[in-house]
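Here's a quick tour for anyone new to reading protein models. Take a look at the picture, then go through the points below.

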Amino acid sequence: MKINLNNINHSYHGKAILQDISLKLEHAEAIAIIGPSGAGKSTLLRLMSKIENPDAGEIFVNDIDVVLTEAKDYYKKVGFVFQSHNLFPHLTALRNITLVLEKVHNKTPQEATKLAIDLLTQFELVEHMNKKPIQLSGGQAQRVSIIRSLAINPEVMFLDEPTSALDPILTREVLRTILKLREKNMRFVIVTHELGFAKKVADYILYMEDGRIVEHGPTSILENPKTESLKEFVEFVME
Amino acid sequence: MIKKSIHFLLALALYGLLVFFIAYSYPGKENFDMTRLWPAGPEIFQSWLLTLYISLASLFFSMFTGFVLYLASVSKLPFFRYVGRIFDEIVFGSPLIVFIIAMYYFIAIPMGINNRLNVGILAFSLYMAPYMKSVLLGAMESIDANQYQAIQVLGFSKSQAYRYIIIPQILKVIFPPLIGNLTFIIKGSSLLSVIGVKELYFQIDRIQANLLLYVEGYLLMFVTYLLMTIPLVALSRWIEKKVSV
């Protein structure tokens, strides 16, 4: 996956959230964005996934100009998983997946159902396919949401703290699902607080603080941080 | 389950006792005769149908007026928001009977509109607009912001989002309060008698005065209105139950 960020600036109500962020990555497969709360991690992810456009700067994901590309075209190529599952509550788990495939990606109902059931089977959720989100546990719902995103076969998936709303047991369940994504060679960018998990699943780390990327590099930077702030952060989280 | 039905029967018996007590202590009970209303049956049935028609038509048109008011209330232009808000205050502050009289005598007649039935339906459609707007606002708020974000990132077009995601959810939320509004309209429709619409109350009132059957007439009124509203309340509860899972 190629990520190219040029001088990104973004603010909310006059408060600078991201300050002059630039980054060029050519061959990262799984990027984990880590850092303390309020560092701007989720905002950066939301900009890369075009949920918002930056106040200034350019963003390229796999050579696609994110700011200038039409949203409907961009969302045919990328997937997004939110902190909460955001499944549509009136639809079953299966229909949550097939609706997107049929209406946005022009699959026939038969193709969509087959693909969705295949994925639900692979991710051990097929027995829950006819349940509505309210009948699923938080972990199951989040996993269905990941599958919904995966089903469109995106070039890149963005995952915004997908376990932050879950207890530790359900968190493990979801993290296992994300590991499976990695095994399937899915390319993704994940914002996470789970440092141990980031080490396991990512091949590249972005460490952010106060709206800036303070340190970035292969996962080994977590073992040998160059900056004092990453060192402190790792020690603090691992304590 | 058995316990519940025993409680229900006991509650019914309590109301039965009350009716018995009223009937027993009614001074003219020797002359009480519901069968004397029988010849007026077709007329009463026709007015019952007219009341149902007025109510359903008012509900239908109030959905439009309510939607327009809803659009005004969420408009970016403060002018439209104020127009809507002032209308809300007028409706919430005025009794329905005054609103109907004002609509007919001060607006419709000077404008040369004499069709009492249509004016009545229009009055209801306008009076119910703020209530419908509240129902719509509640329904729209029931879809949280996260869903709109999900719609965005999944790539649904606006029309697809409304057709497959927003409207199906809104319909479920909207039904119980909509039926609540319909029962309100049915009960309120009796007030159209003040402008001479020959609905249920107007007809029975006229018949009972002609035949001097006041108690029988009011009793019939009571029952015929309940025949419309009770099934609707039951339907609303059934839908609420269905939707809650």
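Let's start with A:Val189, which touches A:Ile31, A:Ile33, A:Leu45, A:Met48, A:Val156 and A:Phe158, leaving aside residues up to four places away in sequence. Keep in mind that what you're looking at is a predicted model.

**The nonpolar cores**

- A:Val189 belongs to the largest nonpolar core, which has 76 residues.
- Along with A:Val189, the members of that core that touch the most other members are A:Ile31, A:Ile33, A:Met48, A:Phe158, A:Phe188 and A:Ile205.
- Which helix gives the most to this core? That's helix H3 of chain A, residues 93-103, which puts in six residues.

**Two helices crossing in chain B**

- Now hop over to helix H2 (residues 41-73) and helix H3 (residues 78-93) of chain B, whose axes come within 7 Å and cross at roughly 130 degrees.
- Parallel, antiparallel, perpendicular or oblique: what do we call that? An angle over 145 degrees would count as roughly antiparallel and 65 to 115 as roughly perpendicular, so H2(B) and H3(B) are oblique to each other.
- The crossing of H2(B) and H3(B) is left-handed.
- On the H2(B) side, the contact is made by B:Leu69, B:Ala72 and B:Ser73. H3(B) brings B:Phe80, B:Arg81, B:Val83, B:Gly84 and B:Phe87.
- Sort the residues of this contact between H2(B) and H3(B) by class and you get five nonpolar, two polar and one charged.

**A closer look at B:Ala72**

- B:Ala72 sits in helix H2 of chain B.
- Is B:Ala72 buried or exposed? B:Ala72 has 20 C-beta neighbours inside 10 Å, so it counts as buried.
- Not counting residues up to four places away in sequence, B:Ala72 touches B:Phe80, B:Arg81, B:Val83 and B:Gly84.
- B:Ala72 and B:Ala23 are 49 residues apart in sequence, and their C-alpha atoms are 52 Å apart in space.

**Where the chains meet**

- The contact between the chains takes 16 residues from chain B and 16 residues from chain A.
- On the chain B side, helix H7 (145-154) and helix H8 (158-188) each supply at least two residues.
- H7(B) gives the largest share of that side, with seven residues.
- By class, the chain B side splits into seven nonpolar, eight polar and one charged.

Terms used
Residues are numbered from 1 along each chain as its sequence is written. Chains are lettered from A and ligands numbered from 1 in the order in which they are written. This is a predicted model: local features need pLDDT of at least 70, side-chain atom pairs count only at pLDDT 80 or more; totals for chains, interfaces and linings use all residues. Axes are lines fitted to C-alpha atoms, for helices over the stretch in contact, and angles run from 0 to 180 degrees between N-to-C directions. Helices (H or I, at least four residues) and strands (E, at least two) are DSSP runs, numbered from the N terminus. Angles under 35 degrees count as roughly parallel, over 145 as roughly antiparallel, 65 to 115 as roughly perpendicular and the rest as oblique. A crossing is left-handed if the near helix is turned anticlockwise from the far one by less than a right angle, and right-handed if clockwise. Two residues are in contact if their C-beta atoms, placed from the backbone, lie within 7 Å. Ala, Val, Leu, Ile, Met, Phe, Trp, Tyr, Cys and Pro count as nonpolar, Asp, Glu, Lys and Arg as charged, and the others, Gly among them, as polar. A residue is buried if 20 or more other C-beta atoms lie within 10 Å of its own, exposed if 12 or fewer, and partly exposed in between; C-beta atoms are placed from the backbone. A nonpolar core is a set of buried Ala, Val, Leu, Ile, Met, Phe, Trp, Tyr and Cys residues joined through C-beta atoms within 7 Å.
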